[in-house]
Amino acid sequence: KPVVAIVGRPNVGKSTLFNRLVGNRVAIVEDEPGITRDRLYRDAEWAGRVFTLVDTGGLDFAESGDIPRQVRRQVELAIEEADVILFLVDARAGLTSTDEDTAALLRRTRKPVLLVANKVEDFQRPGQLAEFYRLGLGEPIPVSAAQGMNTGDLLDRLVSVLPPETGEEEEADTIRIAVIGRPNVGKSSLVNAILGEERVIVSEIPGTTRDAIDTWFEREGQRYILVDTAGIRRKSRIEEAVEKYSVIRSFKAVDRCEVALVVLDALEGVTDQDKRIAGYAHEQGKASVLVVNKWDLVDKDSHTHQRFTELIRRELAFMTYAPVVFVSALTRKRISRLLEMVNLVAQQQCLRISTSDLNRLIRDAVLRNPPPAAKNKRLKIFYATQGGVKPPTFILFVNDPELMHFSYLRYLENQLRAAFGFEGTPIRFILRQRD
Ligand code: GDP
């Protein structure tokens, strides 16, 4: 879904416009300039297009109280995250220097910016808006957010500059799964066990590449696509030795999936090839479930699960976030548990943490364990924001990215996981310098 951000200095009416555009009152509106509010996300629809509206107003930045700086940060966030920016100015108050500074920042982005003049009372006399042309952002669109005047025209303009639809929309709630692993770990058997489950509806669909075949299925109202099942489902019909589902093929399937099922062989433990395959899913930012197959062949005592899990945690130390499920494709043991895990990690990779929760967590983490320092300079984290999902990506605005240590990022990651979960998904950090 395209993201539309509303930016502008305090009191121009961002929250009022936000509420007007999403059609119900969700933001807290106060007349006090610079009040503390969280950024709000809300889906809105107009002319058949759905988009996510973001109210960046009143972000709580403890570091600086001055308004131009706050607006500046809002704009940076908007430029970072949004597909379209609504720049709101106050027609009653007229043009201010903060507006001019904001416009200067916005002119540098290649994203569409719509200049919106709020608090217009007389739509017959647009002359009062003339001074806003000076911002170099085109014709101001007059609205009255409070009265809902002309907001339909604004939405028409907005929809006309949204990026074209990708067709991903209908698939948004479909989870794309890649079943990956070395030859003989049991991928085909696992796929057949999943598709052979009761209550599963199955159909084949062409994949994006010529010889790839994806399999679509639905279970308990959730839709899934098994990516590139050509090599694995048809195997019995083809010469086995020739058509071994190759590791390269696994990699390609990972690129097109959201959740990777990394299949391991219970009798063989974790091999170097397993590490490479799992590592690829990790590096690509995919959610993963570690599937220990052929569990029926293992002589079990009460510690077997634990011992195998410890082995996995040690050998695949880079993805301790991934849940481990012990299955048997042969006896179909815990296949439904496996699908529950797929649902969980697919949901976790889309988690969004509010900017206020995130910054509170970072602040506490920094207090408990100060960031690294070098040459009499200590790393300062000014603020953080979540830049995206799949995988969850956090942007840290810092005084000097060079001062960051891998171990400190690991610490922050652990804090985030302890507070919010993120089971099964990698987490990424992006460092941005600010002075
Ligand atoms: P792939 O190359 O990863 O697709 O592996 P296959 O699905 O072809 O399985 C390789 C071999 O392991 C076959 O002989 C399967 O019958 C056997 N196998 C697969 N899963 C299980 C399981 O859960 N238990 C047992 N005992 N054998 C399995």
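Helices here are DSSP runs of H or I with at least four residues, strands are E runs of at least two, and both are numbered from the N terminus. With that in hand, helix α5 (residues 187-195) gives the most to the shell around the ligand, with three residues. Keep in mind that this is a predicted model, where local features need pLDDT of at least 70, side-chain atom pairs count only at pLDDT 80 or more, and totals for chains, interfaces and linings use all residues. Residue numbers start from 1 along each chain as its sequence is written.

**Around the ligand**
- A residue is near a molecule if its C-beta atom, placed from the backbone, lies within 6 Å of it.
- There are 17 residues around the ligand, and G186, K187, S188, S189 and L330 come nearest.
- The shell splits into seven nonpolar, seven polar and three charged residues (Ala, Val, Leu, Ile, Met, Phe, Trp, Tyr, Cys and Pro are nonpolar, Asp, Glu, Lys and Arg charged, and the others, Gly among them, polar).

- Most residues other than glycine have a negative phi, and most peptide bonds are trans.
- K390 and P391 are joined by a cis peptide bond, with omega about 0°; P391 sits in the loop between β16 (381-388) and β17 (393-398).
- N150, in the loop between β6 (141-142) and α4 (151-161), has a positive phi near 70° without being a glycine.
- R332, another non-glycine, has a positive phi of about 60° and lies in the loop between β13 (324-326) and α10 (335-348).

**Exposure of those two**
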